[in-house]
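Subject: Structure for your review

Dear colleague,

Please find the structure below, together with its sequence. My notes on what was found follow it.

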Amino acid sequence: MKRRLWHFHGGLHLPEHKQASMTKPVVAAALPDEIILPMQQHIGSPAEPVVKVGEHVLKGQRVAKASEYVSAPVHASTSGEVIAIEERGVPHPSGLPLLSIVIKPDGKDEWTELKPVPDYAQLDPSALRNVIRDAGIVGLGGAGFPSFIKLNPGPDNAVDTLILNGAECEPYITCDAMLMQERPRDIIDGLLIMKHALRARHCIIAIEDNKKVALTLLKNSLQEHEAEFLKIVSIPTIYPSGGEKQLIRILTGKEVPSHGLPIDIGVVCHNVATAAAICKVINEGKPLVERYITVTGETLDQPRNLKVRIGTPCIDLLNACGWREDQTDEVLMGGPMMGFGIPALDMPTVKTSNCLLARPKDQPHQQPAMPCIRCGQCAAVCPAQLLPQQMYWYARARDFDKIQAYNLFDCIECGCCAYVCPSRIPLVQYYRFAKTEIWAKERDKEKADHARQRHEFRLQRLERKKKEDEERRRRKKELLKKTQPKPDSEADIKQAAIQAAMDRVKAKRATQKQQKKNIENLNEKQQQAIEAVEKRRQRLRNAGADNEENP
Amino acid sequence: MLAAILILSVLAILFGLLLGFAAMRYKVEGDPIVDQIDAILPQTQCGQCGYPGCRPYAEAIARGEADINQCPPGGEAGIVALADLLGRDVKPLNDEHGEHKEKKTVVIIDEKLCIGCTLCIQACPVDAIVGAAKQMHTVIKDECTGCNLCIPPCPVDCIHIIPVEDDIKTWCWPEPEAELEQPPIEEPV
């Protein structure tokens with residue numbers, strides 16, 4: 001029986017360019033001179049290094065731990081010595097550096113002790129999720145969201161359908177197709193593990209109908225009893241059928257609500273490569289340390305798929321495929337629609353890297369953009385049913401309230417609008433610009449609110465301190481009043497105070513008169529001189545007394 | 001005639017009572033416009049506007065004592081938002097109060113020079129400096145609003161202004177270059 005499929009709005013039939021990289025089997029990429037492991041290869045908080053410079057690590061050993069709930073650990077992808085933990089450039093459109101662990105491979109590629117899970121069906125879903133979390137598995141389709149979170153439906157949600165996304169709709173990219181051809185059983189095993197964790201009722205593996213070989217091989221490896229709940233569905237080739245919301249629409253006819261998640265309608269969607277990685281963790285105990293990457297483009301002599309240790313520099317992969325540097329304009333990470341230019345080619349590949357695409361010079365997108373003529377083609381192809389040209393105008397006017405009213409955040413940045421734009425306006429760049437500006441404004445607002453709170457608290461504190469000081473002074477005064485005898489009137493107090501002061505002065509003068517000054521620390525000579533003076537004085541006094549008696 | 005006057009009078013009294021009751025029952029505490037103005041101000045608490053903090057400035061604007069163009073950290077965007085809220089004309093920033101800096105800054109204490117005098121701690125409007133008498137002080141970077149109020153009191157000039165650099169999480173996509181106003185016209189050969 002043929003399964004009923006639905007359509008999503010818009011979409012494009014693009015030239016596929018997939019054949020070039022599918023003619024050769026997948027081989028492992030050579031061990032590079034340096035493995036660079038950025039601490040953030042996923043959505044969420046960066047991981048924290050747990051190794052030190054100079055330490056020897058084994059392949060599969062955890063080198064950084066997850067810092068928070070939404071985070072993922074990082075594992076060494078080969079054995080060797082940690083030669084640096086420093087900021088390194090990472091493949092990100094900003095070109096900004098991130099803390100990374102740099103490993104010098106020792107060439108042995110020696111695995112750490114592996115702990116496979118013998119019988120996952122006996123394991124509690126939560127324990128299973130922890131195993132997947134500790135293995136550093138993130139969504140390998142591109143977003144890199146930690147998988148264990150997406151395998152936790154929450155207490156109130158039942159999962160009706162678990163979808164495995166093998167659509168791989170973007171041109172040039174073939175890493176998922178090759179994975180499905182070479183390891184179909186791993187993907188199905190991974191799917192069964194996910195099904196156990198989610199307690200899902202139905203499972204679907206969706207594949208675009210341009211991947212006939214993968215489809216047949218997957219169907220052949222499916223066992224009979226599994227076919228009752230697991231369907232392998234061929235869907236029409238149309239870009240972007242691999243978008244999560246679009247794929248759910250095609251397979252179930254349901255729409256994921258705006259600002260909602262697939263789980264809200266009982267669906268969970270994972271990538272086929274994630275399933276294969278989970279299968280490796282459970283069956284072999286191997287954490288996520290390698291993945292398939294398509295290295296392709298018109299300026300490569302041997303475009304192909306490579307099994308790459310995560311952290312291998314891009315340049316090594318390009319060179320392995322006969323890269324003609326002089327003819328290349330730029331190298332994209334990702335496909336031609338959603339990829340971004342790699343700022344420098346010594347940057348490493350990360351968990352979410354699926355494709356390196358070398359672009360030849362003189363591409364049409366490099367010509368200057370022209371004014372919008374309001375043809376409306378962008379709205380016709382938008383798979384999220386948005387109004388791209390309206391959003392474009394508001395982005396240009398920096399009217400961020402209005403652009404959000406047009407549901408900017410439902411944009412999946414698929415690039416269809418920019419592809420069909422006859423004026424070659426880089427529409428997606430405008431949306432990305434608007435999104436990051438809005439986030440920055442929100443951060444500023446949060447910071448301002450926080451500062452206001454702290455300032456108000458400070459004012460309160462100062463006010464309280466002032467009051468407390470006053471209170472203390474008042475109490476001190478009261479205490480003084482109590483201990484002193486109560487005088488009769490104000491004049492008496494003054495008089496008494498004056499009298500007391502005069503008495504004090506008198507007493508002081510009296511003592512001062514009696515005392516002889518500067519008589520400490522006298523030497524012998526001085527002492528003798530004083531005595532002589534005293535004697536003379538005495539004599540004079542005696543003589544004076546005689547004179548008075550006898551004038 | 002009399003009946004009509006009577007009915008209208010009764011109605012007038014009734015509605016009057018109703019309005020009076022509503023005015024008491026739903027009385028708005030405080031001045032809501034001050035809160036709205038305060039929400040737009042950047043809360044650096046720097047005092048460049050001439051008032052001791054953002055809220056006093058907001059109150060002064062609400063009273064009509066201060067103009068809307070006295071806040072350098074808020075910059076043009078702040079003035080536009082205030083003009084929008086209050087239905088006034090947008091004005092350029094009054095440069096008597098300082099210049100708007102595009103890049104955000106925070107301060108850092110050179111810990112080798114700090115003598116632990118606590119003067120900066122007393123100056124900081126958001127309690128972003130920690131330290132004690134004769135102990136080294138330090139700035140909590142995440143709490144610093146970049147108001148620079150701690151710099152003048154420092155007797156040893158050990159506080160420096162540093163720009164806040166973007167990281168991957170705070171980085172923003174640049175605005176694409178505007179397209180050509182006129183498409184190039186091909187010359188007939």
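Chain A contains 15 helices and 17 strands; helices (H or I, at least four residues) and strands (E, at least two) are DSSP runs, numbered from the N terminus. The model is predicted, so that local features need pLDDT of at least 70 and side-chain atom pairs count only at pLDDT 80 or more, while totals for chains, interfaces and linings use all residues. Residues are numbered from 1 along each chain as its sequence is written, chains are lettered from A and ligands numbered from 1 in the order in which they are written, and side-chain values use heavy atoms, with hydrogens and water left out.

Overall form of chain A

The radius of gyration of chain A is 41 Å, whereas a compact globule of 551 residues would have one near 24 Å. This radius is taken over C-alpha atoms, and the globule rule is 2.2 Å times the number of residues to the power 0.38. Along the principal axes, the C-alpha atoms of chain A fill a box of roughly 160 × 60 × 60 Å. The accessible surface of chain A is about 29,200 Å², with 51% belonging to carbon and sulfur atoms; areas come from the Shrake-Rupley method with a 1.4 Å probe, and for residues only the protein chains shown count as cover. Of the 551 residues in chain A, 46% count as buried (buried means under 20% relative accessible area, exposed over 50%, partly exposed in between, with a 1.4 Å probe and protein chains only). Among the contacts in chain A with a separation of 6 or more, 73% come from residues 24 or more positions apart, where contact means heavy atoms within 4.5 Å.

Domains

Chain A is assigned domain 1 (19-360) and domain 2 (371-483); such bounds come from an automatic or database domain assignment. The C-alpha centres of these two domains of chain A are 33 Å apart, and nine residues of domain 1 are in contact with twelve of domain 2. Chain B is likewise divided, into domain 1 (32-97) and domain 2 (103-168). Here the C-alpha centres lie 25 Å apart, and four residues of domain 1 of chain B contact five of domain 2 of chain B.

Nonpolar cores

A nonpolar core is a set of buried Ala, Val, Leu, Ile, Met, Phe, Trp, Tyr and Cys residues joined through side-chain atoms within 4.5 Å. The largest has 68 residues, and Ile205(A) and Leu230(A) touch the most other members. Another core, of 28 residues, lies apart from it and includes Leu386(A), Ala395(A), Ile403(A) and Trp171(B). Leaving aside residues up to four places away in sequence, Leu230(A) touches Ile188(A), Leu191(A), Leu192(A), Cys203(A), Ile205(A) and Leu222(A).

Strands and sheets

Strand β12 (residues 267-271) of chain A is largely enclosed by the rest of the structure, because five of its five residues are buried. In a regular strand the side chains alternate between the two faces of the sheet. In β12(A), Val267(A), Cys269(A) and Asn271(A) are buried on one side, and Val268(A) and His270(A) on the other. Strand β9 (residues 161-166) of chain A pairs with β12(A) in the parallel sense over five bridges (two strands pair if DSSP finds at least two bridges between them). Within this pairing, Leu162(A) has Val268(A) as its bridge partner.

An open sheet of four strands runs in the order β2-β8-β7-β4 (chain A), with antiparallel pairing. Its edge strands, β2 (35-38) and β4 (56-57) of chain A, each pair on one side only. Two bridges join β4(A) to β7 (residues 80-89) of chain A, and Val57(A) is the bridge partner of Gly80(A) in β7(A). A further open sheet has three strands in the order β3-β5-β6 (chain A), also paired antiparallel.

Backbone points to note

Most residues other than glycine have a negative phi, and most peptide bonds are trans. Tyr172(A), in the loop between β9 and α3 (175-182) of chain A, has a positive phi of about 75 degrees and is buried at 6% relative accessible area. Glu413(A) has a phi near 55 degrees; Glu413(A) lies between α11 (400-405) and α12 (416-420) of chain A and counts as buried at 18%. Finally, a cis peptide bond joins Tyr239(A) and Pro240(A), with omega about -5 degrees. Pro240(A) is in the loop between β11 (230-235) and α6 (244-252) of chain A.

With kind regards
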